[in-house]
Amino acid sequence: MRRDREDQEEEEGVGDIFEQEDEEEDPVPGAGLAGRLWSKFKDEAAFALYSPFFVCLAAGDLTSQAFNNCLAQELHFIQAYVNAFDMAGKSSESAFEQGTLEYFLERESTKIREKERFIRRMSIEIPEEIVPEEETVKYTQFLLSIAAGDLNIRGYHPAKISKDGAFTLAAIAPCMRLYSYLCDEIKAVIDPNDQNHRFKKWFHPEGFKIYEGSALEIEGAMEFSVSDFDTQKFKQTDLIYREALKLDVKFYAAHQVQQRRIVPLVLLDNNYDRRRVTIFCEFDMTVTVHDSSYNLLMTPTTRVATSNGSDEAEVEPLWSPIPTESVTSLYEQSNRELEDAVEEVISNTPKANNFNYASIATLEDELKTIWEHPKRVIEKVENMQVLKGLSINNIIEAGENIGLYKGCRSFLQRLVDGDPKTDVHILSYSWCGDFIQSAFYSDSNAAFVSILSNELVYDGNITTGRIYKNLETPMQKVQEIKDNLKEFEKDDFHVTVYIGHSAPDLPCLIEANIGIVIGSDSCLRKLATHLGVSFVPLFSGLVRKQEEVAYLESPSIWKPRSGVLFTVSCWSEIHAFVLGCEKDVLGTF
């Protein structure tokens, strides 16, 4: 049965630090260990990037107090690097490693002096005695404990490790890489011609090169130092790298920003009051990594037979009576039909220069072929009797084993469990609600999302091949959304979010206050662009919104039918935007 990491941790409790199972494969020797570890845990960086501190910093309206406080706390980080390199260098038995660590010690010492000169040059007010904040203390204590040979991570038994310089480098490398990543992301959204951006000097191109160079040097040294590691030490390196990254992300996410801001979404911009948020979401290719419809089509069917005069029925598994080739052909044909329908609309209608919702309404006849595509697929599946003979157990097992996007389930559950003002609704053309339900939770879990989909018709516990049709077109989804929101019509601060992936999701994406596209579906992009809809990376869009927030009344910030859709590459971006980095969120991905 598929389970998320947080479920495993809750059931297993504290285990041996080197024996507890992990969903990911263990790191292996070879080139690019630091790169692979960054790729493995990079999603968690979104909780720093989407923090109020960095969104306001990128927008140029961060308060001087918040910026100065961050600089002050970063000095503690750099001093901890110096102390850790010093400790590790004195403990190392390798002359080469000692020389490497001494080089980094001197470099970080120089960095402290340069940062202090910068602070004086910029007339930044920082108290002479800087008291480290809670998250600063957590990281610096962790780093120094690693340098001292103590590995103590929540959820694992404390353990002694060798005072190996590679472990110290593994505790610093993710911080250097995270800083370089954050700078790159901010550089991408700052207008190089904007002379009024208050923090433009801080993000000078030469500075970016220095940050990236520092990260590469540390990673290169780490790579060399682990070249003779055994499996146990690679596991230790994996744990140290992730814990360091998690603590560094929490350090940035915890910075207090006392000003109007637009993140996290669940808070009004006064920073205190909660807003009501309703999330609507497609299932296939939005929650699931792959098209679950194909998986359901390939689920083994069941034959019920009566044995030798006995009244007891035997249930035997069978593969679908429809040949695999036919199932694959049906799946591929439906995709081609959607592509053709999109191309036909693009060929036969003028391209919109700007988004105009009223103009799209005039194309109802032309768009009908696209909007009714899910309905045609459902009819074909029913006519072919592809889903005949499935038992409820077959369906539940198939749902439990479908792959969900990393972090999706934990986000939706945290969203509902942590806030009575949030609701989550799955609206899907999928043929079976039981299948979707089992993908989210087993019998031991309480239901935390509302699901509206089509349903298979049963004869006893076996499907007949017929489908009870609840949702066949995007317009039915739009109506369902409107019906759900009637009770919030007088709530000016209520926000709806629709998360989708494909061309038939477009009406719902447009109708919501915030339309979020996960993945990169070519049909959706072609159609939406043709209709004047624009796609903007979510972080970039939030920075632009933050720039506007001082001039707009709160209810005007998120308007439906704006013609702008926000794109994300992973669910942690959505999580960080909507909820922020609430307590204990990291480590669940």
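Two strands are taken as paired if DSSP finds at least two bridges between them, strands being DSSP runs (E) of at least two residues and helices runs (H or I) of at least four, numbered from the N terminus. The structure is a predicted model, in which local features need pLDDT of at least 70 and side-chain atom pairs count only at pLDDT 80 or more, whereas totals for chains, interfaces and linings use all residues. Residues are numbered from 1 along each chain as its sequence is written, and side-chain values use heavy atoms, with hydrogens and water left out.

Strand E14 (residues 564–568) is joined by four bridges to the parallel strand E13 (residues 534–537), where Pro 537 stands opposite Thr 567 of E14. Four bridges also link E14 in parallel to strand E12 (residues 514–518), and Gly 515 has Leu 565 as its bridge partner in E14. Because four of its five residues are buried, E14 is largely enclosed by the rest of the structure; buried denotes under 20% relative accessible area, exposed over 50%, and partly exposed in between (1.4 Å probe, protein chains only).

Helix H10 (residues 231–253) contains Asp 248, which counts as buried because its relative accessibility is 2%. Beyond residues up to four places away in sequence, Asp 248 touches Phe 77, Cys 175 and Leu 178, contact meaning heavy atoms within 4.5 Å.

The contact of H10 with helix H2 (residues 33–41) includes Leu 33, Trp 38 and Phe 41 of H2 and, in H10, Phe 234, Tyr 241 and Leu 245, among others.
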